[in-house]
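Subject: Handing over the two-chain model

Hi,

As promised, here is the structure I have been going through.

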Amino acid sequence: MFLINCPFCGEREQSEFKAGGEAHIERPKQPTELSDDEWAEFLFMRKNIKGVQFERWNHAHGCRKWFNIVRDTSDDQIKAVYKMGEKPPVK
Amino acid sequence: MSKNLRFKSSKLVDETYRISFKFNNKTYYGYKGDTLASALLANDVHLVGRSFKYHRPRGIMTAGSEEPNAIIQLHDNTSRTEPNVRATEIEIYEGLVASSQNCWPSVNFDIGGINNILSPILPAGFYYKTFMWPKSFWEKYEYFIRKSAGLGKSPKEADPDIYEHKYIHCDVLIIGAGISGIIAAKMSAKNGLKTLLVDEKSFLGGSTIYDNSKFSKINNQITSSWLEKEINEISKLENLEIKTRTSVAAFHGYNFLLARENLTDHLPITQRENKIRHRLLKIRAQKVICATGAIERPLIFDNNDRPGILLSSAMKKYIDLYGVACGENNILFTNNDTAYETAMSMVQRGIKINAIIDNREEIDSKLSYEVEKNNIKIFKGYTVVDTYGYKRINGLSIMELSKDGQKVIGKKIKLSCDSLGVSGGWTPAVHLFTQSGGKLKFREDDQVFIPNKYPSDQLSIGSCNGDFSLEEITTNTILSVKKFLNINIIDYKTFEIITGMNKSKRNIWLLPSDKILGKTKSFVDYQNDATAKDIKLALREGFRSIEHVKRYTTTGMGTDQGKLGNMHALGIISETAGTKMGEHGTTTFRPPYTPLTFGTIVGRNVGKFFDIVRRTPIHDWHVANNAKFENVSQWKRAWYYPKANENMYQAVQRESKAARDCAGILDASTLGKIDIQGTDASEFLNRVYTNAWSKLAIGKCRYGLMLNEDGMVYDDGVTTRLDENHYIMTTTTGGAANVLGKLEDYLQTEWPELDVYLSSVTDHYATICVCGPHSKKIVSKVIPDLDFSDEKFPHMSFKNTKIGQIKCRVMRISFTGEQSYEINIQSNYGKSVWEKCMEAGKDFNITPYGTETMHLLRAEKGFIIVGQDTDATMTPIDLQMDWIVSKKKYDFIGKRSLYRSDTIKDDRKQLVGLLTENPKEVLEEGAQIVADIKKSPIEMLGHVTSSYYSPNLNKSIALGVVKGGKKMLGQKLIIPMENKNINVTVADPVFLDKEGERLSAKL
């Protein structure tokens, strides 16, 4: 049960949040132009890193806002929290 | 035969307060303050249970939560009965009833004891190896294996006790109130930090509280007296909260810990009424200090498991704390100085010590000299090679150890005893530290794992950090706590420590024997009966990883998680494999540290508080009118309304017929409602639904299908355009929260440029759906001011109107295929409007119907239910709903996936109607659909998703998904059931009124 520092509400317990998987996978602007393989890459392929990972989280039982975090999946340490649309901090 | 082994003036026991209790149907007496174990020992009862595999007699081994053997069934044959309770932890109370486990017919005569004789043919992995073949015999074996599996009996009735959860936030949590924990607590609290000190015992002070020999002194006071004064002082500190009988179960990341506070288990049953039994504490601490102490190691030699064999520290504790001697003729067996402390306690009380066997050839401590002075024979450089006595040790034999400790030499000497105390040194209790993600390192000097890398803001102090001597504990605790808490005020100046012990130890993981290993039973894991021989066998058979050896031999897999023997298992593995200790690491320590009852885990979330229940504003009416309810997500929905003696089938047939012949009324308040506003609302709907929305006129409704990005149907519902930039979307009852979450996700992350705002208004409106040929007449009576003519108010449109002074929205939409009106009104008026409709419909036989009838009516029309006829593998094309997928729109969620190579295949499962050859035969939902039953294996083509007897069509109808079903219209298929095969014909999924004529009333 880690603590997440929601950029809108402050530090809250993990149980208030919902994980949304890997961050920075943008929905293609023109899906119709993509081959099956390219579409599948967007649709299915996720890195699932052991180590530092960029993730989407939603403060589902709070402000309902989506945001990104940088988390080390091996020890759950959260390195950074930033709003949607903001540039990710460099590793 | 019962001897009295009780001494006067012990620390914990109140001799003026006698308590009677029953163990194995016999009445015994103990005193207030006793544990069940100490009270049994005082009555000279050592034999308390049988071991798991060989059913060997077992006695009390320890005096704490690490106990592997003395696990008992508490409160026999009552709703409070509980298995695997450690006799060493449970405090006795008047009327306590307990019994031995894992034995039949009794602990004294146990038929399963035959396994002990059969043990040569029951090696590690016996069950895996033996019961694998012949394969068909498994069912026969299983019966017997299941019978012998498991320890104790689980309760058969509901738990009558009350449990609760509590959150605690503190600056510093200190786990363990031994000497280091007490020092840390005082330092922390005196510096203004909000401190919580917890200990699993009923008293404070850990093992130091009975460190009462004259050889152990702090600042010229006997150590235990010094500590008592400290405890007295800290109990007055304002910033310090102390919780005893509180065991930390789990140490998670970010300093989140779970602890069980035991509030009533020590009270007589009559005093527990209406009291909370356990409290699960959810602790979030800024800083955590582990002062969890150390657990004494046993020694691994042949027959080291007989009743009467205890850890030497446990013997000392029973003497000093409870005033109980474990025997009248004792022997101690050790590889370090700890046992000499026990010896001194015995000497002080006049308890006979027959001999001390010491692995070490040289002993050089004040304490050992003092023991020798008392004319106690010490066998130096010796080891125990065997023990005797079946239900109680009555003797042992010893031999001299060779120089390298690998062999025994010389002559065997036999000694008699009725109790043996063993000490193999100490293992730091690092369980909680490693649970939190901490990494250990191995210290070669004394062969212990100690904390190395802390994963969070925490510290380990005292013997759990590998500091075993009083000097190390006091000095290091003060230094490290000062730094860790960053504090200045320190009460402690210098410590003058006097101790009679030194640190020498001769560590031999598996002691040698004069017998070959195969003939010995040297237990490593007492509870699961894993021996040194088993571990070596596992290595011979090729297991190398400690985690694999653990599972193969079951070492450390009991309810005690191998707190005593795991280190020896590691030691034996590394010795045998020729690797270095520490290279293998340890097995994973998992929560809980000691077992928790389910009651503690669920707390108050039982009975009607098990889950959240949502009721519609009309719920009370349904109850008053005899509705049966169905759970739909968290909602209670009226399922059907049986009259008099009707069963469900009869009620549903009647309701269904009435809805089509006259009028039906349904509470649809549970459907999800999302209010959508903003200048880009139309564009947003275009992107999230498969069909086009831009041209929907204000005041019109449209059915929409929502896909996932993978092209599979996710949700459906009718959305109404209330205004230029204002829509109201309905979703399925169960999907409401997820749909809102998904839409928010797209809005916030993919399309932040869209000007759209979403609000859930599900609970704000009651929705009353009146349908059937008389529906128009009924709603006209309820809302006389509104023009209900087909011209002014056609199908798929909506009106803002009023009932009296109350604004409401009326939609003319239909999920039944009948002419149908949905009145949406502020929730608190829901019930009164429903009653108005009932009143207005009285002359038209208005019939309330529930979800079951709703399902039947929509199935007649071939309307899908997301989640019943779909399962996240169905595209709209599979559902024969091509008409709703816009060809013109450039993009919408899931569009690209609709022409992936997999989604365009012809032989996907597709939704079809199914008609049985015998129209009275109703199919079972979930039944398999096949074409050819002669071919083996039979190819499964699909399954039945919805099935009913239609009272309006007078025949059985069903929907199902079938591979390539779209092209099978008219084809015969087979539903194979247990006793028969049912012939069906593939049909159009729309069974009734394909033209939609019923949407406008003819009556």
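Below is what I found, chain by chain and then where the chains meet.

First, the ground rules. This is a predicted model, and local features are reported only at pLDDT of at least 70 and side-chain atom pairs only at pLDDT 80 or more, while totals for chains, interfaces and linings use all residues. Residues are numbered from 1 along each chain as its sequence is written, and chains are lettered from A and ligands numbered from 1 in the order in which they are written.

Chain A

Let's start with chain A. It has one helix and six strands (helices are DSSP runs of H or I with at least four residues, strands are runs of E with at least two, and both are numbered from the N terminus). Along the sequence the pattern reads β-β-β-α-β-β-β. The C-alpha atoms fill a box of roughly 40 × 30 × 25 Å along the principal axes.

How much of chain A is buried? Of its 91 residues, 15% count as buried. By that I mean that 20 or more other C-beta atoms lie within 10 Å of the residue's own; 12 or fewer makes it exposed, anything in between is partly exposed, and the C-beta atoms are placed from the backbone. As for contacts (C-beta atoms, placed from the backbone, within 7 Å), 50% of those between residues at least 6 apart in chain A join residues at least 24 apart.

Strand β5 of chain A, residues 66-72, is worth a click: five of its seven residues are buried. Strand β4 (residues 52-58) of chain A pairs with β5(A) in the antiparallel sense over seven bridges; two strands count as paired if DSSP finds at least two bridges between them. One bridge there puts A:Asn58 with A:Trp66 of β5(A). β5(A) also pairs with strand β6 (residues 78-83) of chain A, again antiparallel, over five bridges, and A:Val70 stands opposite A:Ala80 in β6(A). The hairpin of β5(A) and β6(A) has five residues between the strands, and A:Asp76 takes a positive phi near 65° in it.

Chain B

Now for chain B, with its 22 helices and 50 strands. Its C-alpha trace spans about 115 × 70 × 55 Å along the principal axes. Buried residues make up 50% of the 1003 residues in chain B. Among its contacts with a separation of 6 or more, 67% come from residues 24 or more positions apart.

An automatic or database domain assignment supplies the domain bounds. Chain B is divided like this:

- domain 1: 1-160
- domain 2: 162-294 + 428-498
- domain 3: 298-424
- domain 4: 509-596
- domain 5: 905-1003

The C-alpha centres of domain 2 and domain 5 of chain B lie 68 Å apart.

The largest nonpolar core has 152 residues, and B:Leu40, B:Leu173, B:Ile289 and B:Tyr318 have the most contacts inside it. (A nonpolar core is a set of buried Ala, Val, Leu, Ile, Met, Phe, Trp, Tyr and Cys residues joined through C-beta atoms within 7 Å.) Helix α5 (residues 179-190) of chain B gives this core its largest share, seven residues. A second, separate core has 96 residues, including B:Leu705 and B:Val986. Leaving out residues up to four places away in sequence, B:Ile289 touches B:Val172, B:Ile174, B:Ala184, B:Gln458, B:Leu459, B:Ile461 and B:Val481.

There is also an open, antiparallel sheet of three strands in chain B, in the order β21-β22-β23. Its edge strands are β21 (382-388) and β23 (408-416), each pairing on one side only. Strand β22 (residues 395-401) of chain B and β23(B) share six bridges, and B:Leu396 has B:Leu415 as its bridge partner in β23(B).

B:Glu724 counts as exposed because it has 9 C-beta neighbours inside 10 Å. Its C-alpha atom is separated by 8.5 Å from that of B:Ala697, 27 residues apart along the chain.

Where the chains meet

The contact takes 19 residues from chain A and 22 residues from chain B. On the chain A side, the largest share, three residues, comes from helix α1 (residues 36-44) of chain A.

Best wishes

Note on methods:
Two residues are in contact if their C-beta atoms, placed from the backbone, lie within 7 Å.
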